[in-house]
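Please look over the sequence and the model shown below before reading on. The report that follows starts with one residue and then widens to the whole chain.

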Amino acid sequence: MPVLEKPKQEQGKPKGHKDSYVLPKLPVPPLQKTTDMYLKCMKHLVTEEEFKRTKVIVEKFRAPGGTGEVLQQKLLEKREKTENWVYDYWLEDMYLNNRLALPVNSSPAIVFPQQNFHDQNDFLRFSAHLISGVLDYKALLDVHALPIDYARGQLAGTPLCMKQYYRLFSSYRLPGHKKDTLVAEKNSVMPEPEHIIIACKNQFFVLDVVINFRRLSERDLFTQLEKILKMAENEEERLPPIGLLTSDGRTEWAESRAVIMKDSTNRDSLDMIERCLCLVCLDDPSGNELTDTSRALQMLHGGGYDKNSGNRWYDKPMQFVIGMDGTCGVVCEHSPFEGIVLVQCTEHLLKYMKGSPSKFVRAASVCELSAPRKLRWKCSPEVQGLLASSADKLQRLVRNLDLNVHKFKVYGKEFIKKQRMSPDAYIQVALQLAFYRCHGKQVPTYESASIRRFLEGRVDNIRSATYEALEFAKAMTDGKSTVPNSEKMQRLWDAINVQTNYTILSITGMAIDNHLLGLREMAHELKMEKPEIFTDETFLKSNRFILSTSQVPTTVEMFCCYGPVVPNGYGACYNPQSDHIIFCISSFRDCKETCSTVFAKAIEECLVEMRDLCSKYNMAAKTADKKEGADKHVKNGSKS
């Protein structure tokens with residue numbers, strides 16, 4: 001069984017770099033700055049009455065010798081004693097304490113380009129090739145040969161913490177009754193042969209990828225996958241879709257797991273899944289028209305218990321999905337690593353597959369390969385009842401998700417860069433404008449910002465719902481015909497500058513969300529009564545992110561998607577390319593206030609209006625410059 005400890009983590013050296021590098025520890029921001037920024041972020045998002053009350057509470061909290069100063073000092077002490085003072089607080093708050101089901105609510109997915117498999121052999125060759133790419137990447141991780149990532153965008157060039165990469169294939173999210181546990185494999189002196197789990201027709205098979213200390217060749221992988229396909233076709237041997245249990249709420253799954261663990265056969269099967277490198281899910285055709293949206297839905301939830309939803313094991317960080325209809329991608333359990341790590345890994349795989357042709361040489365086999373082992377399950381009537389309950393809840397989630405993958409083709413990040421604006425800040429302001437257009441108000445917004453510049457850094461939040469973005473939205477909507485373009489442009493610049501500055505605060509460890517979380521959790525650790533600042537309605541409202549956004553850029557043709565984080569919210573993931581931007585907009589159908597198609601259409605319209613504003617302003621500025629130049633020329637001519 002896996003042991004509950006952090007993965008073995010060593011920091012490598014930058015590729016081709018002579019000296020090792022030491023990352024700084026995450027700073028603890030000054031209490032006064034954080035509380036000032038908190039008030040500034042929330043003032044325009046709450047009523048005047050609520051804000052007055054909040055300001056009094058904040059002043060009391062940060063008063064000299066008050067609760068805030070005590071907690072701040074304790075955080076500073078914690079920083080000295082730990083690698084990263086917020087890491088455990090953040091991991092538990094963001095993921096492990098969350099009781100919602102993983103699919104849609106927590107696990108993001110990446111959708112690969114549509115494949116065109118002519119027959120079963122094509123399908124199996126692609127699958128074997130992908131597994132070979134996974135093993136190639138895992139080999140780099142095993143010897144710490146992965147090149148160091150360096151920051152791009154704002155404050156580019158800084159080396160980034162690489163520890164998340166080493167959790168890709170060595171972690172497991174164990175469900176708990178009140179809190180989950182992120183489990184890590186401990187390498188023993190004589191490790192068992194490495195294996196992956198193949199899911200096919202809701203059955204699970206153990207595929208050993210290393211036998212007698214040698215990696216299986218692609219031809220051997222193909223042969224083994226062919227055997228698995230034949231075994232899965234045997235309907236008499238087919239077992240119930242146990243994987244559905246992992247799609248349930250975390251407490252329900254913990255209870256179900258305790259029930260199935262009573263049988264030794266089930267314990268052995270669970271052990272093999274929990275210790276595997278990853279899952280490869282060989283999916284049946286979905287039966288749907290193949291669009292970007294339908295393919296994204298297959299990744300996020302599998303289409304339902306009657307489709308491919310039982311062909312998953314959601315606790316495992318990496319599940320590669322390969323559909324016979326060419327729908328392919330990866331769904332990930334998010335707690336061990338961030339989206340950019342998932343992107344880097346999958347880009348390596350796709351480049352590997354494109355750059356190294358499938359190797360079906362007539363090489364000798366490692367040995368006469370025995371058939372892969374099918375995992376067995378003993379399903380009592382109680383387990384059957386639990387499966388039925390999980391299937392019903394998943395089906396409701398599948399029906400409820402409203403997803404729209406929208407490709408904005410009018411322009412991409414190159415046009416934005418020509419305006420000397422940050423593409424990310426520009427798109428964030430466009431999202432604020434679109435939301436205001438749809439709902440006539442602004443709401444707390446989450447944009448993830450990497451803090452990998454620091455040891456064990458994960459993310460903090462860029463609070464994009466700024467007062468300046470609100471003023472721009474009002475000028476473009478309420479004052480569409482009355483506010484002059486020069487003033488609209490000034491408000492756009494103000495909004496982009498504030499957004500850019502907050503981004504820099506976030507990536508340098510000086511944003512407010514992690515700090516406020518640390519102060520709250522430190523009070524809990526010290527068994528203090530929860531400070532009023534954290535029970536105040538403004539604070540509760542500040543953490544209900546109706547707009548949950550993330551930029552996930554790629555250099556390979558693929559895109560990322562995820563669900564909303566609150567019942568009345570939107571998920572908005574975007575991938576800016578040079579001449580287009582891909583948006584994945586999600587919401588829930590049972591919320592009458594939201595509609596993904598309407599929001600995606602509003603984003604399109606707002607981006608076009610913002611381009612037109614920039615173009616008109618630039619044209620007017622050029623005309624004014626020409627006129628000024630001509631006037632000077634005339635003036636100089638009259639002098640002579």
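## From one residue to the whole chain

Q499 has a relative accessibility of 1%, and because buried means under 20% relative accessible area, Q499 counts as buried. The model in which this residue is seen is a predicted one, which should be kept in mind throughout. Q499 belongs to helix α15, which covers residues 485-507, and, when its neighbours within four places in sequence are left aside, Q499 is in contact with A425, Q428, E447, I462 and S464.

Although T597 and V405 are 192 residues apart along the chain, their C-alpha atoms are separated by 9.0 Å.

The two residues can be set out side by side.

| Residue | Relative accessibility | Class |
|---|---|---|
| Q499 | 1% | buried |

Turning to the chain as a whole, the protein chain has 18 helices and 18 strands, and buried residues make up 56% of its 640 residues. Of the contacts in the protein chain with a separation of 6 or more, 77% are accounted for by residues 24 or more positions apart.

Which residues have the most contacts inside the largest nonpolar core? They are I131, F169, I198, W313, M318, F320 and W377, and the core to which they belong has 110 residues. Helix α5, which covers residues 120-142, gives the most to this core, with 10 residues. Apart from it lies another core, which has 44 residues, among them I57, W90, A465 and I533. Returning to W377, and not counting residues up to four places away in sequence, one finds that W377 touches several residues, including F204, L239, I260, N266, L270 and W313.

The overall dimensions come next. Along its principal axes, the C-alpha trace of the protein chain spans about 95 × 65 × 60 Å. A compact globule with 640 residues would have a radius of gyration near 26 Å, and the protein chain has 27 Å, which agrees.

Finally, there are the surface and the charges to consider. The protein chain exposes about 28000 Å², and carbon and sulfur atoms supply 52% of that area. As for charge, the protein chain has 87 positive and 81 negative side chains, and the centres of the two sets lie 4 Å apart.

How values were computed. Residues numbered from 1 in each chain as written. Predicted model: local features only at pLDDT ≥ 70, side-chain atom pairs only at ≥ 80, totals over all residues. Heavy atoms only, no water. Helix = DSSP H or I, 4+ residues; strand = E, 2+ residues; numbered from the N terminus. Rg over C-alpha atoms; globule rule 2.2 N^0.38 Å. Buried < 20%, exposed > 50% of the residue type's maximum accessible area, 1.4 Å probe, protein only. Contact = heavy atoms within 4.5 Å. Areas by Shrake-Rupley, 256 points an atom, 1.4 Å probe, with all protein chains shown as cover. Lys, Arg positive; Asp, Glu negative; His and termini not counted. Charge placed at Lys NZ, Arg CZ, Asp CG, Glu CD. Core = buried A, V, L, I, M, F, W, Y, C linked by side-chain atoms within 4.5 Å.
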